[in-house]
Amino acid sequence: MEMSEEVFKRLYSVREAARYLGISQWAVRHLNWSSKLPCVRQGRRVLFDIFDMDRFIENNKREGHHGDDLPTQETRSDDRDFGRTGPILDEVLR
């Protein structure tokens, strides 16, 4: 193998898989225990294949709602006390 050839990592530890997926290490373990994310075992080591992680991501994508599911101004709870003119904030600013 030439020095210029790059070796791409395929197997990731629990910590690395968590970072790759953007979730906690416990969440990675839970996905594995619930058979939603397969692993490769090397003795006591638990490793995750990047192709399986990418497949998990693709299989769990959902369409966005573009804010359609957000409440309108009329249906929101009364949040006037959180605005600049709210009585609580005015009291604190005095």
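Leaving aside neighbours within four places in sequence, which residues is D49 in contact with? The contacts of D49 are R10 and L11, where contact means heavy atoms within 4.5 Å. The structure here is a predicted model, in which local features need pLDDT of at least 70 and side-chain atom pairs count only at pLDDT 80 or more, while totals for chains, interfaces and linings use all residues. Residues are numbered from 1 along each chain as its sequence is written, and side-chain values use heavy atoms, with hydrogens and water left out.

On confidence, pLDDT (the predictor's score for each residue, from 0 to 100) averages 81 over the protein chain, and 65% of the residues score at least 70. Residues 81-85 fall below 50, though in the model this stretch has eight contacts beyond near neighbours in sequence. Where pLDDT is low, the predicted coordinates should not be read in detail.

Back to D49, which sits in strand β3. Helices (H or I, at least four residues) and strands (E, at least two) are DSSP runs, numbered from the N terminus. D49 is buried, at a relative accessible area of 9%; buried means under 20%, exposed over 50%, and partly exposed in between, using a 1.4 Å probe and protein chains only. At the start of α3, a side-chain oxygen of D49 comes within 2.8 Å of the backbone nitrogen of F51.

Now for the sheet. Its three strands run in the order β1-β3-β2, the sheet is open, and the pairing is antiparallel. Strands count as paired if DSSP finds at least two bridges between them. The edges are β1 (11-12) and β2, each of which pairs on one side only. Between β2 and β3 there are three bridges, in the antiparallel sense, and V40 has L47 in β3 as its bridge partner.

Helix α2 (residues 25-33) has V28, L31 and N32 as its buried residues. They lie on the same side of α2 because they cover an arc of only 100° around the axis, the arc being that of the directions from the helix axis to the C-beta atoms. An α-helix has 3.6 residues a turn, so residues three or four places apart point the same way. The face turned away from the buried side of α2 carries the exposed W26 and W33. As for partners, the buried residues of α2 pack against α1 (14-21), β2 (40-42), β3 (45-49) and α3 (50-59).

The largest nonpolar core has twelve residues: Y12, V14, A17, A18, L21, V28, L31, L37, F48, I50, M53 and F56. Such a core is a set of buried Ala, Val, Leu, Ile, Met, Phe, Trp, Tyr and Cys residues joined through side-chain atoms within 4.5 Å. At least two residues of this core come from each of α1, α2 and α3, and α1 gives the largest share, four residues. Not counting residues up to four places away in sequence, L21 touches V28, L37, M53, F56 and I57.

S35 is not a glycine, yet its phi is positive, about 60°. Most residues other than glycine have a negative phi. S35 counts as exposed, at 67% relative accessibility.

Technical notes: A polar contact is a pair of N or O atoms within 3.5 Å; within protein, one must be able to donate a hydrogen and the other to accept it, and residues adjacent in sequence count only if both atoms are side-chain atoms.
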